[in-house]
Protein chains: 2
Amino acid sequence: MSPTKQFNPDGKDFKLFTPGPVESPEWVLKEMGKANDTHRSLAYREMHRSIRTNLQKLLSTKNEILIFANSGTGILEACVRNLLKDDETGLFFTCGAFGDRWISIAKMNGKKSDVVSVDWGKGISPEIVKTALSKKKYPVVFITFNETSTGVLNPLEIIGPMVKESGALLCVDCVSGMGGTRLNVDEWGIDVALASVQKSFGIPPGISICSISERTFEKAKTVENRGFYFDFLKLKKKGESDEHPITPPIPQIRTLKTVLERIIAEDPENFYKGHTERTQMIRDWAIKNGFEIFSEEGYHSQTVVTITNNKNIDVAKFVNDMFESGYKIVNGYGSLKGKTFRMAPMGWITKEETQKMLDTASKVLKAL
Amino acid sequence: MSPTKQFNPDGKDFKLFTPGPVESPEWVLKEMGKANDTHRSLAYREMHRSIRTNLQKLLSTKNEILIFANSGTGILEACVRNLLKDDETGLFFTCGAFGDRWISIAKMNGKKSDVVSVDWGKGISPEIVKTALSKKKYPVVFITFNETSTGVLNPLEIIGPMVKESGALLCVDCVSGMGGTRLNVDEWGIDVALASVQKSFGIPPGISICSISERTFEKAKTVENRGFYFDFLKLKKKGESDEHPITPPIPQIRTLKTVLERIIAEDPENFYKGHTERTQMIRDWAIKNGFEIFSEEGYHSQTVVTITNNKNIDVAKFVNDMFESGYKIVNGYGSLKGKTFRMAPMGWITKEETQKMLDTASKVLKAL
């Protein structure tokens with residue numbers, strides 16, 4: 001079912017509760033629409049520097065911060081191109097569509113993968129990781145922090161140190177987790193923590209970011225054919241003087257600078273807490289209305305809630321009626337279409353707005 | 001010499017006459033700051049569709065249009081990854097820094113290249129192309145339309161058909177040419193014509209675009225390890241239903257839609273004519289003030305003017321004093337620093353604004 005309502009950017013009359021891109025508040029949009037200097041300027045270097053400094057603070061890391069002029073998917077590709085030699089095999093843990101995508105990306109780059117997958121909705125437990133690591137020695141491990149398709153959050157605080165002990169590099173897709181959920185990059189031993197800005201940061205899409213450990217750069221030096229655009233070493237070299245190898249999306253970079261300043265000024269703990277409370281409100285609403293939560297108990301995401309359609313409602317109609325009522329939520333991802341639906345209160349959405357959305361959802365549900 | 005003046009995006013008090021990113025007028029910035037729907041929406045598909053249709057009109061082509069979520073450099077990389085097998089050798093013509101970059105990119109992707117280079121400032125003549133093509137049969141030829149570093153415009157209307165006759169695919173870097181200079185893609189036989197939006201279109205950076213011929217897609221099908229992010233076939237498949245494989249920079253896409261509508265509505269010939277007139281004004285000013293034009297006669301770019309510093313002025317001071325006076329122009333690129341400087345009246349800059357800039361340049365020059 002296609003939405004019947006049209007979108008009017010000049011007078012947007014609905015709010016996004018989508019798992020990215022998410023709702024951007026007025027003050028974020030205002031940053032996006034400001035005038036630009038070029039990327040070879042003091043103004044640019046100051047923004048770049050500010051992002052490096054504040055992301056290190058947010059992620060509790062001393063690792064280098066790189067800004068990519070592409071979506072998070074581009075950094076997934078960068079990881080396999082920079083860190084896996086053609087004769088090496090990476091270990092990929094997957095619990096959903098975006099974990100699967102990383103494996104496809106490796107394959108499309110001619111890289112070899114061993115895959116450990118769990119049923120969608122399940123988390124990747126420390127036991128699963130322990131077993132996989134005991135079978136073989138791997139140079140690099142790839143795992144998803146927060147799986148956007150299933151609403152699963154994996155326990156990186158336990159998995160990270162286990163991977164580090166194995167000697168492997170650890171690359172973590174934090175696309176829909178970073179910002180909304182605490183990430184202790186150094187303590188957890190994450191070598192590459194990557195994310196996009198259109199999720200918890202609440203910025204329109206266009207750039208992605210990651211922290212990279214020194215030993216990751218050392219490994220990259222030994223890998224051939226890393227390419228140009230996604231080359232960690234080229235980005236590092238330019239980045240050290242707060243510059244970029246190519247012409248990056250300046251509006252998104254300016255906006256990220258402002259957003260990070262605000263998150264840090266207001267204390268990141270409050271930002272995480274807001275996400276946790278809002279997703280809990282959604283899970284409570286779902287259960288109260290007779291639905292089940294798709295993600296396994298103990299592995300619930302703090303940024304996106306995937307709700308099981310155990311009541312067998314017409315999900316497409318529910319999603320469309322919600323849109324007509326002023327809220328955009330989304331159907332299940334890929335094969336989960338019709339079997340689940342998702343609500344994501346990421347970024348700068350408030351508890352009050354979340355409550356209003358849920359009140360509307362109750363009404364729409366009754367009228368289905 | 002570092003600029004002493006600070007940039008204030010809230011009250012920008014200077015105009016960019018830089019070879020990209022260029023000055024974005026208020027109505028462009030307003031588009032950038034509008035609210036967004038997600039990229040999986042009717043609103044997105046309509047924008048994507050509009051760009052495909054209008055770019056085909058602008059480029060006089062029936063070829064497919066792809067929208068990339070990266071800078072133009074990413075499409076340079078896409079060309080070598082999609083179109084050169086590891087055992088094939090591409091023929092690269094270069095007349096400046098960005099032609100050289102394409103060769104580096106090929107190398108960094110493990111691709112082989114034969115290189116034909118001319119002295120910086122010279123154009124790539126049909127004779128040079130004829131000689132190179134007569135020596136060996138090539139699967140793909142790579143050439144720059146408008147070389148941003150030297151201000152050279154190559155005669156694609158003659159070179160294109162020659163390459164086509166040789167049987168090779170023709171990839172053309174039109175980054176700083178497209179929009180400001182007529183491109184007859186089908187008539188000239190260009191298989192890949194790629195560009196960024198932060199040049200003649202006057203949009204903040206963040207996306208790039210290209211037209212791709214059917215035989216280019218056919219060739220890509222035979223090349224292994226094309227990767228994911230830059231894969232022509234993946235972008236084509238999603239693009240045919242006006243969607244994108246990843247989450248693209250929606251604000252830049254919305255703005256490109258609006259800009260293309262305006263260029264087409266006002267007649268592209270007028271847009272080209274404006275660029276031609278403004279660059280001619282700059283060349284006239286340069287000669288009147290005792291400078292020489294760096295680009296060879298007959299090969300002058302219609303979008304960026306590279307001026308030779310034959311008067312041996314302090315270019316860094318001149319550029320900085322211009323900035324203090326409200327106009328940002330730039331020093332020579334790379335090894336041309338101090339030996340040349342560049343003024344680019346691209347996009348929506350008017351003749352009146354160009355004249356004011358040149359009047360200021362005369363004053364600043366006298367006071368040096």
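Reader: Is Asp267(A) buried, partly exposed or exposed?

Author: This is a predicted model. Asp267(A) sits in the loop between helix 10 and helix 11 of chain A. Its relative accessibility is 36%. Buried would need under 20%, and exposed over 50%. Asp267(A) is therefore partly exposed.

Reader: What is the phi of Asp267(A)?

Author: Most residues other than glycine have a negative phi. Asp267(A) is not a glycine, yet its phi is positive. The value is near 75°.

Reader: Where is Asp242(A), which also has a positive phi?

Author: Asp242(A) is not a glycine, and its phi is about 60°. Asp242(A) is buried, at 7% relative accessible area. Its place is the loop between helix 9 (232–239) and helix 10 (250–265) of chain A.

Reader: How is chain A divided?

Author: There are two parts. Domain 2 covers 28–265. Domain 1 is written as two stretches, 9–25 + 268–367.

Reader: How many Å separate the centres of domain 1 of chain A and domain 2 of chain A?

Author: The two domains touch. Domain 1 of chain A gives 29 residues to the contact, and domain 2 of chain A gives 40 residues. Taken over C-alpha atoms, their centres are separated by 26 Å.

Reader: Which residue forms a salt bridge with Arg182(A)?

Author: The interface of domain 1 of chain A and domain 2 of chain A has one salt bridge. Polar contacts there come to 19 residue pairs. In the salt bridge of Arg182(A), the closest N and O atoms are 2.1 Å apart. The partner is Glu269(A).

Reader: Which helix gives the largest share of the side of domain 1 of chain A that touches domain 2 of chain A?

Author: By class, that side has 14 nonpolar, eleven polar and four charged residues. Five residues come from one helix, the largest share. That is helix 11 (residues 268–288) of chain A.

Reader: What is omega for the peptide bond from Gly20(B) to Pro21(B)?

Author: Most peptide bonds are trans. The one from Gly20(B) to Pro21(B) is cis. Pro21(B) lies in the loop between strand 1 (15–16) and helix 1 (26–32) of chain B. Omega is near -5°.

Definitions and conventions: Residues are numbered from 1 along each chain as its sequence is written. Chains are lettered from A and ligands numbered from 1 in the order in which they are written. This is a predicted model: local features need pLDDT of at least 70, side-chain atom pairs count only at pLDDT 80 or more; totals for chains, interfaces and linings use all residues. Side-chain values use heavy atoms; hydrogens and water are left out. Domain bounds come from an automatic or database domain assignment. Contact means heavy atoms within 4.5 Å. A salt bridge is a side-chain nitrogen of Lys or Arg within 4 Å of a carboxyl oxygen of Asp or Glu. A polar contact is a pair of N or O atoms within 3.5 Å; within protein, one must be able to donate a hydrogen and the other to accept it, and residues adjacent in sequence count only if both atoms are side-chain atoms. Helices (H or I, at least four residues) and strands (E, at least two) are DSSP runs, numbered from the N terminus. Ala, Val, Leu, Ile, Met, Phe, Trp, Tyr, Cys and Pro count as nonpolar, Asp, Glu, Lys and Arg as charged, and the others, Gly among them, as polar. Buried means under 20% relative accessible area, exposed over 50%, partly exposed in between (1.4 Å probe, protein chains only).
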